[in-house]
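Student: I have a model open and I'd like to learn how to read it. Can we walk through a few features together?

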Amino acid sequence: MRAFASDLDRTLIYSHRMIDPSTATDVHLIETLDGKDISYISSYSRKALQKLNNEIYFIPVTTRTIEQYKRITLFQTAIQPEYAITSNGGHILKDGNVVKGWSDQLKASLETCLSLPVFIRQLEERITGNWVERIRQADHLFIYLIIQRDQVSREELSSLFEWAREQGWQPSLQGKKLYFVPNPVNKWKAVEYLKNELGLSYVYTAGDSLLDYELVKYGDYGFVPLHGEVLESYPGLHKTEAHGMPASDEILLSITEDLSLSKLTSEQNG
């Protein structure tokens with residue numbers, strides 16, 4: 001059995017800021033918050049995902065918390081994946097419920113790196129200036145900072161990134177959000193757990209951020225949208241030709257064609 005394990009934001013779904021106005025009529029609103037439109041998906045991607053979810057495992061893999069993931073109405077209604085990975089790999093959901101086996105395994109792994117409260121305290125001591133608007137915890141697993149990017153120097157960010165990595169934490173800057181995630185809370189490790197549990201033979205993967213690096217690298221066929229942050233550090237990853245929302249269509253078209261070819265080959269050899 002095959003699966004498609006993919007990041008969501010800026011890979012399959014997009015905010016209005018990343019949508020070309022000329023194609024804005026061919027998108028579907030799939031998330032709102034406090035009366036504001038938040039996320040969209042293209043018509044093609046919506047249809048392709050629906051088809052994929054009926055043929056193979058489609059596994060959303062997101063840094064969003066469980067609550068934030070469940071705000072995406074598309075995955076609660078028209079497309080209901082059996083499994084989803086939230087909180088950057090911190091939780092695996094089966095039919096909306098947390099998989100305890102993975103949670104127990106992860107909890108033991110977290111004892112190997114600096115604890116969340118200590119990390120936050122030491123991070124706050126290292127931050128200078130007023131470029132951090134607020135610090136938020138995500139499912140008691142990791143943190144992200146809402147920042148003013150134009151108020152912080154590249155040197156200070158580099159210093160914080162280096163320090164975080166020394167503590168066993170992975171940094172990632174995505175727009176106005178600066179993430180710090182302990183190494184065991186890892187998207188690929190959660191996917192690998194499911195790969196073993198479900199006996200998956202082949203996993204397509206996709207993602208755009210540094211937090212998606214291992215997901216893309218270790219997947220059997222990994223994709224990065226052309227605009228992906230991870231390409232700045234790892235330019236050799238397989239990237240799309242399209243930028244923005246059309247990258248999602250390109251990824252799904254490639255997977256659909258590969259599945260069709262694999263099926264044809266299997267039938268001919270059968």
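Student: Let's start with tryptophan 163: is that residue buried or exposed?

Tutor: This is a predicted model, so keep that in mind throughout. Tryptophan 163 has 5% relative accessibility, and since anything under 20% counts as buried, that is its class. You'll find tryptophan 163 in helix H5.

Student: Which residues is tryptophan 163 in contact with, leaving aside its neighbours within four places in sequence?

Tutor: Phe119, Gln122, Leu123 and Arg126. Take leucine 123: it is 40 residues from tryptophan 163 along the chain, yet their C-alpha atoms are separated by 9.0 Å.

Student: How do I describe two packed helices in general?

Tutor: You give the angle between their axes and the distance between the axes. Here the pair is helix H4 (residues 116–126) and helix H5 (residues 154–166), whose axes come within 11 Å and cross at roughly 155 degrees. Angles over 145 degrees count as roughly antiparallel, so that is how H4 and H5 run relative to each other. Their crossing is right-handed.

Student: Which residues meet where H4 and H5 touch?

Tutor: From H4 come Phe119, Gln122, Leu123 and Arg126, and from H5 come Glu156, Leu160, Trp163 and Ala164. Sorted by class, that contact has 5 nonpolar, 1 polar and 2 charged residues.

Student: On to sheets. How do the strands of a sheet pair?

Tutor: Through backbone hydrogen bonds, either parallel or antiparallel. In this model, 4 strands make an open sheet with parallel pairing, in the order S4-S1-S12-S13. S4 and strand S13 (221–223) are the edge strands, each pairing on one side only. From one strand to the next, the twist averages 15 degrees.

Student: How many bridges join S1 to S4?

Tutor: 4 bridges join strand S1 (residues 2–6) to S4, and the two run parallel. As one example, alanine 5 has isoleucine 59 in S4 as its bridge partner.

Student: What lies across S1, S4 and S12?

Tutor: Helix H6 (residues 187–198), which runs at about 160 degrees to strand S12 (202–206).

Student: Let's zoom in on S4. Is proline 60 buried or exposed?

Tutor: Proline 60 has a relative accessible area of 0%, so it is buried. This proline sits in strand S4 (residues 57–60). Beyond its neighbours within four places in sequence, proline 60 is in contact with Ser6, Leu8, Tyr69, Pro81, Tyr83, Ala84 and Ile85.

Student: In what sense do S5 and S6 pair, parallel or antiparallel?

Tutor: S5 and strand S6 (residues 91–94) are antiparallel, over 4 bridges. Within that pairing, isoleucine 85 stands opposite isoleucine 92 in S6. Together S5 and S6 form a hairpin, with 4 residues between them.

Student: What about aspartate 139? What is its phi near?

Tutor: Phi of aspartate 139 is near 50 degrees, again a positive value in a residue other than glycine. Aspartate 139 lies in the loop between strand S8 (132–138) and strand S9 (142–147). With a relative accessible area of 28%, aspartate 139 is partly exposed.

Student: Which residue is in contact with Ser87 and Asp139?

Tutor: Threonine 65, which, leaving aside its neighbours within four places in sequence, is in contact with Thr86, Ser87, Ala138 and Asp139. Look for threonine 65 in the loop between S4 and helix H2 (66–70). Threonine 65 is buried, as its relative accessible area is 8%.

Conventions
Residues numbered from 1 in each chain as written. Predicted model: local features only at pLDDT ≥ 70, side-chain atom pairs only at ≥ 80, totals over all residues. Heavy atoms only, no water. Buried < 20%, exposed > 50% of the residue type's maximum accessible area, 1.4 Å probe, protein only. Contact = heavy atoms within 4.5 Å. Pairing = 2+ DSSP bridges. Axes fitted to C-alpha atoms, helices over the stretch in contact; angles between N-to-C directions. Parallel < 35°, antiparallel > 145°, perpendicular 65-115°, else oblique. Left-handed = near helix turned anticlockwise from the far one by under 90°. Nonpolar A, V, L, I, M, F, W, Y, C, P; charged D, E, K, R; others polar.
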